[in-house]
Amino acid sequence: MTMIKMARVRAGIPAVAALGLLVAGCGTQRAGDVAGAGTPSRPAVVTPTTPLDFPCPGESPSATATTESSAVPAEAGDHYRENNGFKVPIPLHGQPRCDGLDAVKRIEGALDPLRKRGDYKAESARSALTGLGYEAGKVKVYQDTAGVSFLVEAPRMCLEGTMNQASTRADAFGGYPDHSGCDVPSGGH
């Protein structure tokens with residue numbers, strides 16, 4: 001009979017030990033203690049969210065404050081930005097922003113003489129853009145009743161704009177989130 005009692009006691013030891021750990025707790029922190037108090041803190045790792053912008057050649061220092069364009073209408077619902085964020089172009093920062101501004105000036109300079117002559121043909125705009133060195137397969141030009149729209153997939157950036165009777169306008173951006181091309185994506189996640 002003592003054998004049976006001894007076997008039961010031995011079987012219950014692990015359960016009692018586990019219960020003892022639960023009651024005693026494993027850490028030294030007690031209610032009211034501040035987490036991490038008395039221990040050296042790790043140094044904070046600074047991770048910039050956007051690279052630093054600086055004045056580009058020919059640009060005034062106040063012009064470097066970039067405003068992120070929002071394609072979200074003012075009357076949009078709460079989840080519009082969340083659901084359509086994949087359509088918002090990625091802005092350029094740092095040296096790529098300066099490169100983009102330079103490309104925009106070159107494009108506007110090449111297309112503005114066409115605008116002043118009233119030459120709003122898609123083929124004329126395509127020739128002017130490929131004449132700047134952009135690969136013909138990466139240049140898309142669309143003609144409409146008001147003028148010409150274009151989209152250029154350049155190395156490390158996208159360039160888009162319009163040329164019409166009123167003006168020649170171009171913009172540079174870094175593409176779209178969740179999309180590898182320069183055209184506006186048709187769906188996101």
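**Aromatic pair and positive phi residues**

Tutor: To begin, Arg-156 counts as exposed, because its relative accessibility is 74% (buried means under 20% relative accessible area, exposed over 50%, partly exposed in between, with a 1.4 Å probe and protein chains only). This is a predicted model, in which local features need pLDDT of at least 70, side-chain atom pairs count only at pLDDT 80 or more, and totals for chains, interfaces and linings use all residues. Residues are numbered from 1 along each chain as its sequence is written, and side-chain values use heavy atoms, with hydrogens and water left out.

Student: Where is Arg-156 placed?

Tutor: Arg-156 is in the loop between strand S2 (147-154) and strand S3 (157-164); strands (E, at least two residues) and helices (H or I, at least four) are DSSP runs, numbered from the N terminus.

Student: And what is its phi, given that Arg-156 is not a glycine?

Tutor: The phi of Arg-156 is positive, about 65 degrees. Asp-178, not a glycine either, has a positive phi of about 60 degrees.

Student: Is Asp-178 buried or exposed?

Tutor: Asp-178 counts as exposed, because its relative accessibility is 56%. Its place is in the segment after strand S4 (168-173).

Student: New topic: how many aromatic pairs does a search of the whole structure find?

Tutor: The search finds one. Phe-173 and Tyr-176 form this pair, which is edge-to-face, at 5.3 Å centre to centre and 65 degrees between the planes. Rings of Phe, Tyr and Trp (its six-membered ring) pair if their centres lie within 6.5 Å; planes under 30 degrees apart count as stacked, over 60 as edge-to-face and the rest as tilted.

Student: Why does Phe-173 count as buried?

Tutor: Phe-173 counts as buried because its relative accessibility is 4%. Tyr-176 counts as buried at 5%.
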